[in-house]
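Trainee: I have a new structure open and would like to learn how to read it. Could you walk me through it, one feature at a time?

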Amino acid sequence: MTLFYRRTSLDRDTTFYVPKVTCFACNDSGIVANGDNAINKYIPDYDKTSNGKINGGQDLAVICHCDAAYGKDDTSGLRENNGNIRQVQNFRGEMQCLGFSLEKDKIRQIHIDRKASWEATAKEINTLRSKRAKGEKVETPYYIQVVKEELGNINSMFNFPK
Ligand SMILES: [Zn+2]
């Protein structure tokens, strides 16, 4: 058996790439997440309690309009072939939709905004990496600094209040 430990030059590439997805609204999962509050632009109280506190999962999932929401046949997928959101029986025996539909043009706008945001991030990170590779001193972007600081407190992250 021959052991190879050298990466190909492509694997060693330090380029920051935009994710290779077709739909930036749902990342090809069929469900539009709200981690960046993009849905709140259209539904201000989505996944929020009555006092405005963020409570992810409180509301039904937003089902995308792209191919990822459709199944391979008429018994699978988050949407049926006619575009209606699939219903399933809940634990009380009632039929319930798997999620809800936000208008197509709003989902398209979320796709456009997220794609643009990824492209801007890739451009910024690649500029920084290129400067750093040349030995230039670069300042860490605030969003990386914030994550670094949060990870610095990770030991207390899962502690129960005393
Ligand atoms: Zn999608």
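Trainee: What is the phi of Asn27?

Mentor: Phi of Asn27 is near 50°, which is a positive value in a residue other than glycine. Asp28 also lies in the segment before β1, and its phi is positive too, at about 60°, although Asp28 is not a glycine.

Trainee: Which residues is Cys26 in contact with, leaving aside its neighbours within four places in sequence?

Mentor: Cys26 is in contact with Ile31, Val32, Cys64, Cys66 and Ala68.

Trainee: And how should I think about a nonpolar core?

Mentor: In soluble globular proteins, nonpolar side chains tend to be buried together. Here, the largest nonpolar core has 19 residues, and Cys23, Ala25, Cys26, Val32 and Cys64 touch the most other members. At least two residues of this core come from β2 (62-63), and at least two from α1 (104-133).

Trainee: How much of the protein chain is buried?

Mentor: Buried residues account for 17% of its 162 residues.

Trainee: Now for the whole chain: in which order do the elements run?

Mentor: The protein chain has three helices and five strands. Starting at the N terminus, the order is β-β-β-β-β-α-α-α. Looking at contacts between residues at least 6 apart in sequence, 51% join residues at least 24 apart.

Trainee: What is the radius of gyration of the protein chain?

Mentor: The protein chain has 21 Å, whereas a compact globule of 162 residues would have a value near 15 Å. Along the principal axes, its C-alpha atoms fill a box of roughly 60 × 50 × 40 Å.

Trainee: Where is confidence lowest, and where is it highest?

Mentor: First, the general idea: where pLDDT is low, the predicted coordinates should not be read in detail. In this chain the average pLDDT is 91, and 97% of the residues score at least 70. Confidence is lowest in helix α3 (residues 154-157), with a mean of 73, and highest in β2, at 98.

Technical notes. Residues are numbered from 1 along each chain as its sequence is written. This is a predicted model: local features need pLDDT of at least 70, side-chain atom pairs count only at pLDDT 80 or more; totals for chains, interfaces and linings use all residues. Helices (H or I, at least four residues) and strands (E, at least two) are DSSP runs, numbered from the N terminus. The radius of gyration is taken over C-alpha atoms; the globule rule is 2.2 Å times the number of residues to the power 0.38. A residue is buried if 20 or more other C-beta atoms lie within 10 Å of its own, exposed if 12 or fewer, and partly exposed in between; C-beta atoms are placed from the backbone. Two residues are in contact if their C-beta atoms, placed from the backbone, lie within 7 Å. A nonpolar core is a set of buried Ala, Val, Leu, Ile, Met, Phe, Trp, Tyr and Cys residues joined through C-beta atoms within 7 Å. pLDDT is the predictor's confidence in each residue, from 0 to 100.
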